[in-house]
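Please read the numbered points below alongside the model. They are short notes on selected local features.

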Amino acid sequence: MNEKLNEILSLALEEIKEATTMLKLNEIRAFYTGKKSPLAEIMKTLASASIEEKKTIGAASNKVKQEIEKAINERRLILEEKEINDKLASEAIDVTLPGYDLKAGAMHPLNKVIEELEDIFIGMGYSVAEGPEVEIDVFNFEMLNVPKGHPARDMQDSFYIDENVLLRTQTSPVQVRTLLEASGKPVKIICPGKVYRRDDDDATHSHQFMQLEGLVVDRNITMSDLKGTLSMLMEKMFGKGRQIRFKPSYFPFTEPSVEVDVSCFKCGGKGCPMCKHTGWIEVLGAGMVHPNVLKGAGYDPNIWQGFAFGIGIERITMLRHNIDDIRNFYINDARFLKQFEGER
Ligand code: DAH
C-alpha cells in the first residue's frame, strides 16, 4: 500500500512541477485531492481493513495529501508571481517611443483680422454689437433710407426668403437695431459679421463675405471725428504714416457719403502694381448718418449726429496678406491656412 501511496505522491509532485498555468494547477489539485482522487479511493478501501491498517494507511495517505497540497501551494506562489511579471512585461509602455503627430489647427485669417479690428475699436471705447444674418427688409433697407422700389436696391442683389425677409446684404441693419435698442442714448458700436449677395463668385466676389460696420451717434459729431477715427484705424492696420483721403460717393443711409482710400503701404504712395500706380488703395465706405435714419430710429437730427462706416473684411485681409483670390478663404485648403499659423 505504501508503494501505491508513494507512486501517487511522486506522480503528483511531477505534474505539479510541470504545471505552468494556474488553470493546470487547479486541475491537478482537483484530480489528486478531490472526492474521486486516487487517495480518496484508497480511503474508501479502508472501511474493510483492520484497525491497525486503518491507522497506518490512514496516517500515510493523509501525509501524502498534505505533501501534495504543500507542493501545490508552493507552485501556486511561483505561478502567481510569474503571471504578474508576464502581465507587467506585456503591458509595459515604452515612454521613449515618439508620440502621435496631432495636427493642430490655427485661427482663420479672416477671424484674426476681425479680432485685430475689434481690439483696435475696443481700445477707442467701442462695444461689439451683433445682429441676425436672416434679416427683415425693414431693417436691411427701409429704415436705412432705401424704401421699396428705390433704385439703390439694385446696388445689392439679394437673397430673399419671402417678400419681407432676406439674408442681410450688409451689416448696416445692425445700425438700426442698435439705435432702436439704445432708444435715444449715444451709441458707439462696431459689428463684424457675414453678409450675402447674389453675386457670381470670382477672384474678388463671393455670394457670402464679411463686413465690419461702425456707428457713432452722439451730440456734436462731425466729419473730422470720422476722419480721425479712420486715420487711426489705417495706421494700426497698415503701419505708421498712412494717410487717408475721402472721395465723394453715394450711400443711401449717409449724407455726405465718402469712399475712403489709404495711401499705398507697399510703395508709400509713389505708385506700384499694388495700388495700380495711383498711390492710393480704396478700403471702405463711410459717411455722416442720414437724418432719415436718425429720425426713423427716434433720434432728432437737429440734436444728434453720427458717422458710420462699412469695411470689407476680406478686402482688408487680402491687402494685408497679398492674397489674390477671395475664394481661398472659403475652400479650407490646409496649405493656404497653414501660411497664417501663429501670424497676427
Ligand atoms: N453697407 C455698405 C455696403 O455694403 C457699406 C457702408 C458704406 C456702410 C457706408 C456704412 C457706410 O455704414 O456709412 O456697401
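1. Pro256 sits in strand 8 (residues 254–263); helices (H or I, at least four residues) and strands (E, at least two) are DSSP runs numbered from the N terminus. The peptide bond leading from Glu255 into Pro256 is cis, with omega near -5°.

2. This is a predicted model, in which local features need pLDDT of at least 70 and side-chain atom pairs count only at pLDDT 80 or more, while totals for chains, interfaces and linings use all residues. Residues are numbered from 1 along each chain as its sequence is written, and side-chain values use heavy atoms, with hydrogens and water left out.

3. Asn145 is not a glycine, yet has a positive phi of about 70°. Its place is the loop between helix 6 (137–140) and strand 3 (160–162).

4. Val165 belongs to strand 4 (residues 165–167). Apart from neighbours within four places in sequence, Val165 is in contact (heavy atoms within 4.5 Å) with Val134, Glu135, Ile136 and Tyr160. From Val165 to Ile57 the separation is 108 residues in sequence and 105 Å in space, C-alpha to C-alpha.

5. The axes of helix 1 (residues 2–18) and helix 2 come within 10 Å and cross at roughly 170°. Axes here are lines fitted to C-alpha atoms, for helices over the stretch in contact, and angles run from 0 to 180 degrees between N-to-C directions. Helix 1 and helix 2 are therefore roughly antiparallel (angles over 145 degrees). From helix 1, Ile8, Leu11, Ala12, Glu15 and Ile16 meet Leu25, Ile28 and Tyr32 of helix 2. By class, this contact has seven nonpolar, no polar and one charged residues. Nonpolar covers Ala, Val, Leu, Ile, Met, Phe, Trp, Tyr, Cys and Pro; charged covers Asp, Glu, Lys and Arg; the others, Gly among them, are polar.

6. Helix 2 (residues 22–33) also pairs with helix 4 (residues 51–90): their axes come within 10 Å and cross at roughly 170°. That makes helix 2 roughly antiparallel to helix 4. Helix 2 contributes Met22, Leu25, Arg29, Tyr32 and Thr33, and the residues from helix 4 include Lys65, Ile68, Arg76 and Glu80. The contact of helix 2 with helix 4 divides into six nonpolar, two polar and seven charged residues.

7. Within helix 4, Arg76 and Glu80 are four residues apart, about one turn of the helix. Their side chains meet in a salt bridge at 3.5 Å, N to O. With a salt bridge taken as a side-chain nitrogen of Lys or Arg within 4 Å of a carboxyl oxygen of Asp or Glu, the count comes to 19.

8. Which residues line the second largest pocket? They are Asp101, Leu102, Lys103, Ala104, Gly105, Ala106, Ala334, Leu337, Lys338 and Glu341. This lining divides into five nonpolar, one polar and four charged residues.

How values were computed:
1 Å grid on protein atoms, 1.4 Å probe; cavity = no way out; pocket = protein on both sides within 12 Å on 5 of 7 lines; lining within 4 Å. Parallel < 35°, antiparallel > 145°, perpendicular 65-115°, else oblique.
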